[in-house]
Amino acid sequence: MLHSHLENLSALADAIPNLRIVINHIAKPLLLSSEYLSETCPLWKKSLHAAAAHPNVYCKISGLVTEVDPVMHATPFSKETFSNHISEVLSAFGSERCMLGSDWPVLELTGKSYKEVNLLHKSLIAHLTAEERQMIIGGNAKRFYRLQSID
């Protein structure tokens, strides 16, 4: 799903309320594009919140690092590159309907390792309570995908 598809998601969630939906990669916003930031980002926010109004819609925090520079993967990034977008996602979905995804091995196009990106993701939710972090790191995915514990 791309940011341009978010507008239609609410209609889908309304039409099929029992369909469980995950917005992958927070809908792949073009993180550093000036056109995106001035014109599309307000629409992304509005559509994201509209989708979040449906309890059957979740959002996966993943695929961020490859969207900074989706062609060359040469533009540097830091936690601050993603902070506003993640704050918006958490505001819309809460910790109860967000989940982390790795985007491995694609993330290696950026020259970063799985470990580096995983630490980046965790730093973006570090301000949350331990319980909220646990839900985002694995609990919500377990519930959404109906996974059973392996003990």
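Serine 62 is buried, with a relative accessible area of 1% (buried means under 20% relative accessible area, exposed over 50% and partly exposed in between, with a 1.4 Å probe and protein chains only). This is a predicted model, in which local features need pLDDT of at least 70 and side-chain atom pairs count only at pLDDT 80 or more, while totals for chains, interfaces and linings use all residues. Residues are numbered from 1 along each chain as its sequence is written, and side-chain values use heavy atoms, with hydrogens and water left out.

**Stop one: around Ser62.** Select serine 62 in the loop between β2 (57-61) and α3 (79-93), where helices (H or I, at least four residues) and strands (E, at least two) are DSSP runs numbered from the N terminus. Show the side chain of histidine 25 as well, since the side chains of serine 62 and histidine 25 make a polar contact at 2.8 Å (a pair of N or O atoms within 3.5 Å; within protein, one must be able to donate a hydrogen and the other to accept it, and residues adjacent in sequence count only if both atoms are side-chain atoms). With neighbours within four places in sequence left aside, serine 62 is in contact with Asn24, His25, Ile26, Gly101, Ser102 and His121, contact meaning heavy atoms within 4.5 Å.

Isoleucine 26 has a positive phi of about 45° although it is not a glycine, and it is buried, with a relative accessible area of 0%.

**Stop three: the salt bridge.** Next select glutamate 67 and lysine 28, whose side chains meet in a salt bridge of 2.7 Å, N to O (a side-chain nitrogen of Lys or Arg within 4 Å of a carboxyl oxygen of Asp or Glu). Because glutamate 67 lies in the loop between β2 and α3 and lysine 28 in the loop between β1 and α2, the pair ties together parts that are 39 residues apart in sequence. Glutamate 67 counts as buried, at 9% relative accessibility, and the structure holds one salt bridge.

The structure holds three aromatic pairs (rings of Phe, Tyr and Trp, the last by its six-membered ring, pair if their centres lie within 6.5 Å; planes under 30 degrees apart count as stacked, over 60 as edge-to-face and the rest as tilted). Phenylalanine 144 and tyrosine 145 form an edge-to-face pair, 5.0 Å centre to centre with 85° between the planes. Phenylalanine 144 is buried at 6% relative accessible area, whereas tyrosine 145 is partly exposed at 39%. Then select arginine 146 in the segment after α5 (130-144); arginine 146 has a positive phi of about 55° although it is not a glycine, and it is exposed, with a relative accessible area of 61%.

**Last stop: a surface patch.** Finish with Leu12, Ile16 and Leu19, which make a nonpolar surface patch of about 220 Å². Of these, leucine 19 lies in the loop between α1 (6-15) and β1 (21-23) and is partly exposed, with a relative accessible area of 34%. Patches are made of residues with over 30% relative accessible area and no salt bridge, like charges being joined within 9 Å and nonpolar side chains (Val, Leu, Ile, Met, Phe, Trp, Tyr) within 5 Å; accessible areas come from the Shrake-Rupley method with a 1.4 Å probe, and for residues only the protein chains shown count as cover.
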